[in-house]
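Hello,

Here is the structure I promised to pass on to you. Have a look at it first, and then read on for my notes.

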Amino acid sequence: MPPFSCLWSEGVVATVRPQLPGDIDVDVCIVGAGYTGLWTAWHLRQLDPGIRIAVIEGAHVGFGASGRNGGWVQTALPSTLVEIAARHSTDTAMLVHRTMVETVASIGAFAAVHAPEASFVHAGQLQVARTAAQVKRQRAHVADHHRVGLTEHDLRWLEPAEVDERIGIAGRLGGHFTPHCAVVQPRQLVEGLARACESVGVRIFERTRAVSIAPQRVQTDCGAVRAAFVVRAVEGFTPDLAGHHRDLVPVFSLMIATEPLSSEQWRQLGWNERFTLSDGRRMVIYAQRTADGRIAFGGRGAPYRFGSKTDDVFADNLGTHKMLHSTLVALFPVLSDVAITHRWGGPLGVPRDWTAGVQLDRGTGLAWAGGYVGDGVGAAHLAGETLAELIVGHDTDRTRLPWVGHRSRRWEPEPLRSVGIRGAARLTRMIDAAEEVGSHPRLRAALLDRLL
Ligand SMILES: Cc1cc2nc3c(=O)[nH]c(=O)nc-3n(C[C@H](O)[C@H](O)[C@H](O)COP(=O)(O)OP(=O)(O)OC[C@H]3O[C@@H](n4cnc5c(N)ncnc54)[C@H](O)[C@@H]3O)c2cc1C
């Protein structure tokens, strides 16, 4: 295995930005220069070109998940449309769906102008089923979403021969496909977004850590920012902030990348378009065919750290990277000799009820968005646009979506938190292993659903 290094940083000409020079006054202070913080800044300046914005970033633009992710620009949120329909209504679920379809298109339109290096390609998403249990789950997923209002165009079950027309995957029993997904080079997207923000007058300060966030004041290690509105956009790093230790847990998602494959290897794989790929196991895996002809392949399963620690060093987990490599080879046996050139990881932000949220408290001016689990590339754009509308006081379809104002309950204190999370991870692996050999471990699955 190669040393720990992120493929997406290669060839990126990163701008080095100044630290906060001392105390300043602005209208809006945003903490965190990932997608959430920067889309909020971008949309704010579109709505009010005179608004004064400072973005405070502890490391550099794209240091967090936004510069390290799998590059799937999806319509998915951590809550499925079926769950949203059950909690609210089918009309609400379909409004969420239409809004997310528009969001993916908006990111594509933005990238074409401001981040062409992000190589945005809209080619859909394929999930294959490789066990009988996965077939059952995926067929039900498609049928349930059709009942909510999606059509065969939005989401459809594929028979094995139809999967074969798209890609050659060992052990495929079927799958399902949606056209509503794109891929990007994620770091290039966040870099392009930061440059676009600066071009419209947003000030970004790097290597400036917020040590406390209070109404109208962010205290950093380089000075204080006074602002009418303060936006907290630090996702997986939220537990490090005083007063927010149990709001989200950081779960590390890890990735590997192959060397560029030859055209003969791509021909053997039959993976001709740049649709994203996963299978139906519960311990999520995800892949993209990169613009430079590699497979970037990721998955969850890295150990949770007691006390919700987020130090970067925790993303370096050789065991999980080796496991990802063997999963890649199990899916594509022809790649058994292909070199792995990069391995890296980063923290997701997971709320206790797996439901993302967007909030603005008008009384204090404090705002927040996040809790996207592994679905934040698209969702953070919608969250940022919504926060901007809330801050300038616009009432739109977006500001009336059900995640606006949603508050998740807090995570349990330690040691209960780590016992629960590690237990759920172990159970997930056991269920996947049982399903691999043809079992349907219903009791364990019910227990897992209850734990999550
Ligand atoms: C390996 C991996 C793969 C993923 N794959 C996908 C995918 O394919 N599709 C998808 O939709 N989602 C994916 N995700 C999730 C997605 O990347 C995130 O949901 C999204 O990037 C979150 O953006 P954000 O701006 O909210 O947070 P982040 O990008 O994490 O940004 C938070 C920023 O806040 C800064 N910060 C933290 N604390 C402070 C402080 N005290 N002061 C100042 N700054 C601070 C951090 O340095 C960081 O830059 C993946 C995530 C990971 C880690």
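Below are my notes on cores, helices, a cavity and some backbone details.

One thing to keep in mind throughout is that this is a predicted model.

Let me begin with the nonpolar packing. In general, nonpolar side chains tend to be buried together in soluble globular proteins. The largest nonpolar core here has 61 residues, and the members that touch the most others are Val 28, Leu 38, Ile 53, Val 55 and Trp 403. Helix 9, residues 376-392, is the biggest contributor to this core, with nine residues. There is also a second, separate core of 30 residues, including Leu 126, Ile 256, Trp 266 and Ile 340.

**The cavity**

How many cavities of 30 Å³ or more are there? The count is one, and the space in the largest cavity is about 30 Å³. Its lining is made up of Val 128, Ile 169, Leu 277, Ser 278, Asp 279, Ile 285, Ala 287, Phe 297 and Leu 331. Two elements give two or more residues to that lining: strand 14 (276-279) and strand 15 (285-289). Strand 14 gives the most, with three residues. By type, the lining residues divide into seven nonpolar, one polar and one charged.

Helix 8 has 14 residues, and its first and last C-alpha atoms are 20 Å apart, close to the 20 Å expected at 1.5 Å a residue.

Helix 10 (residues 416-436) passes a similar check: its 21 residues should span 30 Å at 1.5 Å a residue, and its end C-alpha atoms are 30 Å apart, so the two agree. The buried residues of helix 10 are Arg 417, Ser 418, Ile 421, Ala 424, Leu 427, Thr 428, Ile 431, Asp 432, Ala 434 and Glu 435. As background for reading that list, an α-helix has 3.6 residues a turn, so residues three or four places apart point the same way. The packing partners of the buried residues in helix 10 are helix 4 (132-148), strand 13 (248-258) and helix 11 (442-451).

**Backbone details**

Most residues other than glycine have a negative phi, and most peptide bonds are trans. With that in mind, here are the places to check.

- A cis peptide bond joins Glu 414 and Pro 415, with omega about 5 degrees. Pro 415 lies in the loop between helix 9 and helix 10.
- Ser 119 is not a glycine, yet has a positive phi of about 50 degrees. It sits in the loop between helix 3 (90-114) and strand 4 (121-122).
- Ser 308 also has a positive phi, near 55 degrees, and is a residue other than glycine. Its place is the loop between strand 16 (295-299) and helix 8 (318-331).

Are these two serines buried or exposed? Ser 119 is partly exposed, because its relative accessible area is 25%. Ser 308, in contrast, is buried, with a relative accessible area of 1%.

Leaving out residues up to four places away in sequence, Pro 186 touches Trp 8, Tyr 35, Ser 66, Asn 69 and Gly 71. Its C-alpha is 27 Å from that of Asp 48, a residue 138 places away along the chain.

Gln 188 is in helix 6 (residues 186-199) as well. At 11% relative accessibility, Gln 188 counts as buried, because the cut-off is under 20%. Neighbours within four places aside, Gln 188 is in contact with Gly 11, Val 12, Ala 115, Glu 117 and Ala 118.

Notes
Residues numbered from 1 in each chain as written. Predicted model: local features only at pLDDT ≥ 70, side-chain atom pairs only at ≥ 80, totals over all residues. Heavy atoms only, no water. 1 Å grid on protein atoms, 1.4 Å probe; cavity = no way out; pocket = protein on both sides within 12 Å on 5 of 7 lines; lining within 4 Å. Points joined across faces, edges and corners; volume = space filled by probe spheres on them. Helix = DSSP H or I, 4+ residues; strand = E, 2+ residues; numbered from the N terminus. Nonpolar A, V, L, I, M, F, W, Y, C, P; charged D, E, K, R; others polar. Expected span 1.5 Å × (residues − 1). Buried < 20%, exposed > 50% of the residue type's maximum accessible area, 1.4 Å probe, protein only. Contact = heavy atoms within 4.5 Å. Core = buried A, V, L, I, M, F, W, Y, C linked by side-chain atoms within 4.5 Å.
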